[in-house]
Amino acid sequence: MSNFKFMEIDQLLKELDKYSFKQLHLHHTWKPSHKNFNGQNHIKLQEGMKEYHLSLGWKDIGQHLTLFPDGKWLTGRPFHMTPASIRGWNTGALAVEMVGNFDLPGTGVYNELGYDRLKGRQREEILKLIKYFIDKYGEDTIVFHRDHPTAGKTCPGTSLDKRELIEEAKKLDKNHWGEKYYYNLAKKGILLDEKRYDDFMTRAEAMALVDKIMDRVMELIKEK
Ligand SMILES: [Zn+2]
């Protein structure tokens, strides 16, 4: 049995907040491509990838996340584990495979499944993740597989331009000024369940927050 789990982007970003990453690695699967996706076979395609990766002698599926053509996210290798993503740059990376062959016709390595474009929901979702990385870690942390000098690949596809994706992501809604405090608290181990930046706090919520802070402070004292 696999532990693959579907995640909505908000839930995913909240989960990612518990970790610290150095880079976001972007790949296309090349195979399977959009043609292999029928709208329902997410798990099956993911299992196929895992099987292939195990056959290469890897200890698990290579990537942390797979993004399907319908914009759905499926988890793969646990986030706390180093991915099999880009040799030499794996430590501290978050590895994402986008299902599709995003090479332009006539470029990259041919496969009989044809060429796809990163568009619609799939594009919107990857932009949200890119935006999250830009805001939290800076735009230099966005890495294409082909950026590595010895990658020898077009991955994530010659139709994709990193600069263009970064600029597009930056145009997504500007973050609330409270965002930075939310992340600062998360980094200190104080996770708030919801952002709701502009809502009033009830007395119960204030008590819950103080309690969380006290617990965390006690933990820190014990760690000393
Ligand atoms: Zn790749």
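How are α3 and α4 oriented to each other? In this predicted model, local features need pLDDT of at least 70 and side-chain atom pairs count only at pLDDT 80 or more, while totals for chains, interfaces and linings use all residues. Residues are numbered from 1 along each chain as its sequence is written.

The axes of α3 (120–137) and α4 (162–170) come within 9 Å and cross at roughly 80°, the axes being lines fitted to C-alpha atoms, for helices over the stretch in contact, with angles that run from 0 to 180 degrees between N-to-C directions. The two helices, α3 and α4, are therefore roughly perpendicular to each other, a term that covers angles of 65 to 115 degrees. Helices (H or I, at least four residues) and strands (E, at least two) are DSSP runs, numbered from the N terminus. On the α3 side, Leu127, Ile130, Lys131 and Ile134 meet Leu165, Ile166, Glu168, Ala169 and Lys170 of α4, where contact requires C-beta atoms, placed from the backbone, to lie within 7 Å. By class, this contact has six nonpolar, no polar and three charged residues; Ala, Val, Leu, Ile, Met, Phe, Trp, Tyr, Cys and Pro count as nonpolar, Asp, Glu, Lys and Arg as charged, and the others, Gly among them, as polar.

The largest nonpolar core has 27 residues, and Leu24, Leu67, Val96, Met98, Leu129 and Ile130 are those with the most contacts inside it. Such a core is a set of buried Ala, Val, Leu, Ile, Met, Phe, Trp, Tyr and Cys residues joined through C-beta atoms within 7 Å. Among the elements that each supply at least two residues of this core are α1 (9–16), β2 (23–28), β5 (93–98) and α4, and the largest share, five residues, comes from α3. Not counting residues up to four places away in sequence, Ile130 touches Leu24, Ile142, Leu165, Ile166 and Ala169.

In the loop between β2 and α2 (42–55), which holds Pro32, a cis peptide bond joins Lys31 and Pro32, with omega about -5°. Trp30, placed in the loop between β2 and α2, has a positive phi of about 70° although it is not a glycine. With 22 C-beta neighbours inside 10 Å, Trp30 counts as buried, the cut-offs being 20 or more for buried, 12 or fewer for exposed, and partly exposed in between, with C-beta atoms placed from the backbone. The peptide bond from Cys155 to Pro156 is cis as well, with omega near 5°, and Pro156 is found in the loop between β6 and α4.

Key: Contact = placed C-beta atoms within 7 Å. Parallel < 35°, antiparallel > 145°, perpendicular 65-115°, else oblique.
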